[in-house]
Amino acid sequence: MDNLQQLDKNNIWHPFTSLGSEDLPILIEKADGIYLHTSDGRKIMDAISSWWVNLHGHSHPVIAKAIAEQAQTLEHVIFAGFTHRPAIQLSKNILSILPNNQTKIFFSDNGSTAVEVALKIAFQFWHNQGVNNKQKVIAIRGAYHGDTFGSMSVGERGSFTAAFIPYLFDVVYIDFPTENNEGTILNQFKALIKNNDVGAFIFEPLVQGAAGMRIYTAGILDTLIHEAHKHDVICIADEVFTGFGRTGKMFASDYLSNQPDIISISKGITGGTMPLGVTSCSKKIISAYLSRDDDKTFFHGHSYTANPLACAAANASFELLTNESCQKQIKSIESQHLNFRNKIKAMELVQDIRCLGTILAVELKTNEKTSYFNEVRKKVYPFFLARNILLRPLGNVIYIVPPYVIQAHELDHIYTCIEEFLLETKK
Ligand SMILES: Cc1ncc(COP(=O)(O)O)c(C=O)c1O
């Protein structure tokens with residue numbers, strides 16, 4: 001087993017992992033429900049849905065069966081000029097749960113590409129109409145939209161993007177909305193859009209995930225979208241993380257009365273089994289592309305666009321997600337989170353505790369500022385792994401985003417370990 005891990009170390013370059021690190025990756029042999037089984041016989045509770053993707057538990061038999069059957073029927077077909085039943089079914093499924101102004105979907109492979117596609121569709125929307133004075137883009141400070149060049153461009157500039165800054169396009173940022181600055185943000189935003197030269201506004205609705213599960217109100221976002229629409233700014237909701245029930249509603253946009261023009265989704269779409277990204281658009285966006293003119297075609301695509309196995313997995317996941325029992329689970333996770341929040345909010349080490357839907361985040365008070373690189377993360381990760389819980393903190397923010405099948409006693413166990421950590425750890 002050690003040999004395998006060493007072989008991995010020799011051969012494989014893992015994401016977000018320092019090549020200088022001495023650590024060997026943990027070898028997972030199989031997984032079921034919320035548990036990952038390691039090669040040395042440990043059973044680790046997956047409290048973060050394996051990078052926020054898993055909704056119904058690992059190796060879910062319904063999704064596994066759908067993929068297996070699809071693999072024996074049609075594994076892939078070029079998606080230009082051809083189509084297939086799983087993609088058509090998925091389009092129906094997805095459009096039935098997205099905000100009702102969304103009318104068409106475009107497939108890609110992951111969250112970053114779903115965002116990349118959204119940006120390209122928005123930029124070409126203006127281009128197709130001969131508008132060349134709406135090239136400014138607004139994003140929110142702290143944003144993370146992925147790791148491709150477009151998605152990096154609209155994200156926060158920082159350590160993740162330092163090497164690429166000369167190659168990223170310019171974006172203007174508004175501050176992250178908090179309880180105290182909503183008026184200022186609105187004024188900042190109005191000043192930025194008043195000259196009608198802003199083409200797009202992109203945001204993670206209600207929750208900035210990678211920034212530390214930072215939550216802001218639907219009220220301010222609604223107002224910003226309303227203002228944006230008055231000045232013909234295309235609003236792009238990056239629901240890659242927040243989609244498919246994460247925030248307690250199907251999409252975070254469901255908390256809004258003003259609907260985004262474009263929505264990017266991925267992560268939970270296949271229940272965490274197959275890579276898939278989707279970008280949906282309103283009728284208004286589509287109208288700029290309804291032409292036989294080649295110049296107005298959206299020339300974008302990936303080899304695996306709308307892969308039938310991924311679509312079949314997504315359709316199976318959709319059935320599970322829209323089932324009443326899953327929706328009940330989401331509600332009960334939320335109420336357990338809220339109880340836990342009340343229980344620990346006054347603890348010494350707790351700077352802030354945030355909760356929305358199935359997301360719970362505990363920001364730890366430390367001597368350093370809140371950031372992804374806060375040193376406390378080096379204590380958190382091993383502390384929980386030693387207790388067979390996978391919690392991958394964002395710096396000094398410990399968060400839980402569990403698969404929806406997690407049971408009450410399993411969540412309680414995670415809470416108990418968090419409390420233990422808070423009691424044991426000195427500032
Ligand atoms: C809001 C948001 N957008 C985009 C992405 C990028 O998704 P992917 O990692 O699938 O490229 C992420 C990933 O964490 C995300 O949280």
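Modeller: Before we start, buried means under 20% relative accessible area, exposed means over 50%, and partly exposed is in between, with a 1.4 Å probe and protein chains only. This is a predicted model, where local features need pLDDT of at least 70, side-chain atom pairs count only at pLDDT 80 or more, and totals for chains, interfaces and linings use all residues. Residues are numbered from 1 along each chain as its sequence is written, and side-chain values use heavy atoms, with hydrogens and water left out.

Biologist: OK. H337, buried or exposed?

Modeller: H337 is buried, at a relative accessible area of 0%.

Biologist: Which helix is H337 in?

Modeller: H337 sits in α11, residues 324-344. Helices (H or I, at least four residues) and strands (E, at least two) are DSSP runs, numbered from the N terminus.

Biologist: What is H337 in contact with?

Modeller: Contact means heavy atoms within 4.5 Å. Leaving aside neighbours within four places in sequence, H337 contacts C355, G357, T358, I359, L360, I400, P402, L411 and Y415. A polar atom of the H337 side chain is 2.9 Å from the backbone oxygen of T358.

Biologist: Switching to α12. Which residues are buried there?

Modeller: In α12 (377-386), V380, F383, F384 and L385 are buried.

Biologist: And what covers them?

Modeller: The cover includes strands β3 (43-46), β14 (359-364), β15 (389-390) and β16 (397-400), plus helix α13 (408-424). After α12 comes N388, with a positive phi near 60°.

Biologist: New topic. How much space is in the second largest pocket?

Modeller: About 800 Å³. On a 1 Å grid over the protein atoms alone, a pocket is an open set of points where a 1.4 Å probe fits, with protein on both sides within 12 Å along at least five of seven lines; lining residues have an atom within 4 Å of a point. The volume is the space filled by probe spheres set on the points, which are joined across faces, edges and corners.

Biologist: How many residues line that pocket?

Modeller: The lining has 28 residues, and K104, I105, F106, F298 and H300 lie nearest the centre. α4 (85-97), β4 (102-108) and α9 (283-287) are the elements giving two or more residues. β4 gives the most, with four.

Biologist: Last one: G146. Where is G146?

Modeller: G146 is in the loop between β5 (136-140) and α6 (149-153). G146 is buried, with a relative accessible area of 6%.

Biologist: What does G146 touch?

Modeller: Not counting residues up to four places away in sequence, G146 touches S112, S151 and M152.

Notes:
A polar contact is a pair of N or O atoms within 3.5 Å; within protein, one must be able to donate a hydrogen and the other to accept it, and residues adjacent in sequence count only if both atoms are side-chain atoms.
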